[in-house]
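Hi everyone, thanks for making time this morning.

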Amino acid sequence: KSLGNGIDPLKVIEEYGADALRFALTTGNAPGNDMRFSDEKIEAARNFANKLWNASRFVLMNLTESDEELLMCPTDDELATEDKWILTRLYETTKSVLSNLENYELGIALGEIYSFTWDLFCDWYIELTKSRLSEKDTEGNVVAQNVLCYVLTGTLKLLHPFMPFITEEIYGSLPHDDESVMISAFPTVEEIGSYPAEAEATERVIAAIRAIRTRRAEMNV
């Protein structure tokens, strides 16, 4: 443009990465609406990519079972309450994402994946599994590895249309039976378990923890 105020996507990609640019352009976007570009949105997208990368690295560091064992889904009796909670939230997220993709609400779909990945999977579920991951050679340890691997794989598949490069890289390091995440089956709600009672119980625990943290911050203790 003659004013010289155009954005060169190649320069943005060089500084932040192609996935960050794709993520930022999709976030908060709606069909037919104009969108204001800002470096802050690109930086937030890059931070999300870093969060996903670090969480995936933590999961990979704690996978000690064989690929065949990790690809086997635990039975309902083996799952802990927090496992059923994250699977229920993955079920709800997948259902919402599929519905919004069908309606071409890409921004809303990506927002659902972002909230699930950052707030639920990274900030809560990984923390809730650390005690079991530290108990080597136990059934709880193996189940935690199974669920971490399963949920992370499903999250990568949901995120792949928006951030293809980082999801492909991480997927290739996880136990998988497909050549690429690009040609793997997209998640469906039928294959994910839903446990409303256990999910509600875990939400009460999380709410209590948040309340305690808030009160500690208010009282400066």
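**Salt bridges and surface patches**

Let's start with Lys130 and Glu127, whose side chains meet in a salt bridge, 3.0 Å from N to O. By salt bridge I mean a side-chain nitrogen of Lys or Arg within 4 Å of a carboxyl oxygen of Asp or Glu. Before going on, please keep in mind that this is a predicted model: local features need pLDDT of at least 70, side-chain atom pairs count only at pLDDT 80 or more, and totals for chains, interfaces and linings use all residues. Residues are numbered from 1 along each chain as its sequence is written, and side-chain values use heavy atoms, with hydrogens and water left out.

Back to our pair. Lys130 and Glu127 are separated by about one helical turn because they sit 3 residues apart in helix 6. Helices here are DSSP runs of H or I with at least four residues, numbered from the N terminus. Lys130 is partly exposed at 34% relative accessible area, and Glu127 is partly exposed at 44%. The cut-offs are under 20% for buried, over 50% for exposed, and partly exposed in between, with a 1.4 Å probe and protein chains only.

How many salt bridges does a search of the whole structure find? There are 9. One of them joins Lys51 and Asp123, at 2.9 Å from N to O. That pair links distant parts of the chain, with Lys51 in helix 3 and Asp123 in helix 6 (residues 106–133), 72 residues apart.

In helix 9 (residues 196–219), Glu200 and Arg204 are 4 residues apart, so about one helical turn separates them. Their closest N and O atoms are 3.5 Å apart in a salt bridge.

Glu14, Glu15, Asp39, Glu40 and Glu43 form a negative patch. Patch residues have over 30% relative accessible area and no salt bridge; like charges are joined within 9 Å, and nonpolar side chains (Val, Leu, Ile, Met, Phe, Trp, Tyr) within 5 Å. Which helix gives the largest share of the negative patch? Helix 3 does, with 3 residues. Glu40, for its part, is exposed at 55% relative accessible area.

There is a nonpolar patch too, about 320 Å², made by Ile7, Leu25, Met35 and Phe37. Leu25 lies in helix 2 (residues 18–26) and is partly exposed at 39%.

Finally, a look at helix 7 (residues 139–159). This helix is mostly covered, with 17 of its 21 residues buried.

Technical notes: Areas by Shrake-Rupley, 256 points an atom, 1.4 Å probe, with all protein chains shown as cover. Lys, Arg positive; Asp, Glu negative; His and termini not counted. Charge placed at Lys NZ, Arg CZ, Asp CG, Glu CD. Helix = DSSP H or I, 4+ residues; strand = E, 2+ residues; numbered from the N terminus. Expected span 1.5 Å × (residues − 1).
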